[in-house]
Amino acid sequence: MTSPAHIAIIMDGNGRWAQSRGLPRSAGHRAGVEALRQAVQNVGDSGARWLTIYAFSSENWSRPASEINDLMGLLKLFIRRDLAQLHRNGVRVRMIGNRDTLAPDILELITDAEALTRVNTAMNLVIAFNYGARDEIVRAARHLSQMAADGHLDPHSITPEMLSGALDTADIPDPDLIIRTSGEQRLSNFLLWQAAYSEFVFLPCFWPDFDRSQLDHALAIYADRDRRFGAVAAREALS
Ligand code: IPE
Ligand code: IPE
Ligand code: MG
């Protein structure tokens, strides 16, 4: 099978990585940003044109305020420190998630990054931030219902494509491969709609330990999978 065009990653296990070293969780999150820098480079080198990363979920607000502050600070630091380099490398940056409840300074950094890199085509980095798939689907449903209520849309004409087009990921292809680190085997409200036919690879390593060899391992597992999308396998269709 060919390599994935769109890789999505649930970057999990920063806290446990730190804990296993006797460090505070914040140290794990800092190490996680380093792993992210490498991952963008390595995924680009692998030939994938799309990388989506789960950076902060709509449920992560239930963590202690100090940890939320650390995570917000790290996102700001990542954008401030890495944006110029990403831009030089032709990476288009964009965010999926709920913008309405984000602090104004973070929202401004994100919209500036999106505007600066808008014309880049080498690679796409999609940051799922303040993201929850159920929230995304509800916002899309509200949008379509409002159009119907205003008389611009016949509810019976709504198709899966229209719902896809009302999601934050409107012009982003569905992920081919979703990787989750840390050993947990769940989606935690990530890309529920878009993952309908994604391949899943769960790796035991904690996110700060995710390197080129871990990515290559996930890609090798993906290459062995037989994606059928509900049809019969390509080789069986010929027999
Ligand atoms: C992932 O690591 C980072 C975020 C969720 C933002 P965790 O902080 O969830 O680390 P664990 O799962 O507690 O080890
Ligand atoms: C998922 O990880 C969210 C991100 C990686 C940003 P969590 O650590 O929040 O997920 P649960 O709580 O273990 O399901
Ligand atoms: Mg976690």
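1. The shell around ligand 2 splits into five nonpolar, two polar and four charged residues (Ala, Val, Leu, Ile, Met, Phe, Trp, Tyr, Cys and Pro count as nonpolar, Asp, Glu, Lys and Arg as charged, and the others, Gly among them, as polar). Among the residues surrounding the ligand are Ile10, Asp12, Phe56 and Ser188, where being near takes a heavy atom within 4 Å.

2. Before going on: this is a predicted model, with local features needing pLDDT of at least 70 and side-chain atom pairs pLDDT 80 or more, while totals for chains, interfaces and linings use all residues. Residues are numbered from 1 along each chain as its sequence is written, chains are lettered from A and ligands numbered from 1 in the order written, and side-chain values use heavy atoms, leaving out hydrogens and water.

3. Now the oxygen atoms of ligand 2. One is 2.8 Å from a side-chain N or O atom of arginine 186, and for asparagine 60 the corresponding distance is 2.9 Å. Arginine 63 has a polar side-chain atom 3.2 Å from an oxygen atom of the ligand.

4. Leucine 191 is worth a look: its phi is near 45°, a positive value in a residue other than glycine. Leucine 191 is in the loop between strand 5 (177-180) and strand 6 (199-202) (strands are DSSP runs of E, at least two residues, and helices of H or I, at least four, numbered from the N terminus). With a relative accessible area of 2%, leucine 191 is buried (under 20%; exposed is over 50%, partly exposed in between; 1.4 Å probe, protein chains only).

5. Phenylalanine 229 also isn't a glycine, yet has a positive phi of about 50°. Its loop runs between helix 7 (212-223) and helix 8 (234-237). Phenylalanine 229 is partly exposed, at 48% relative accessible area.

Methods
A polar contact is a pair of N or O atoms within 3.5 Å; within protein, one must be able to donate a hydrogen and the other to accept it, and residues adjacent in sequence count only if both atoms are side-chain atoms.
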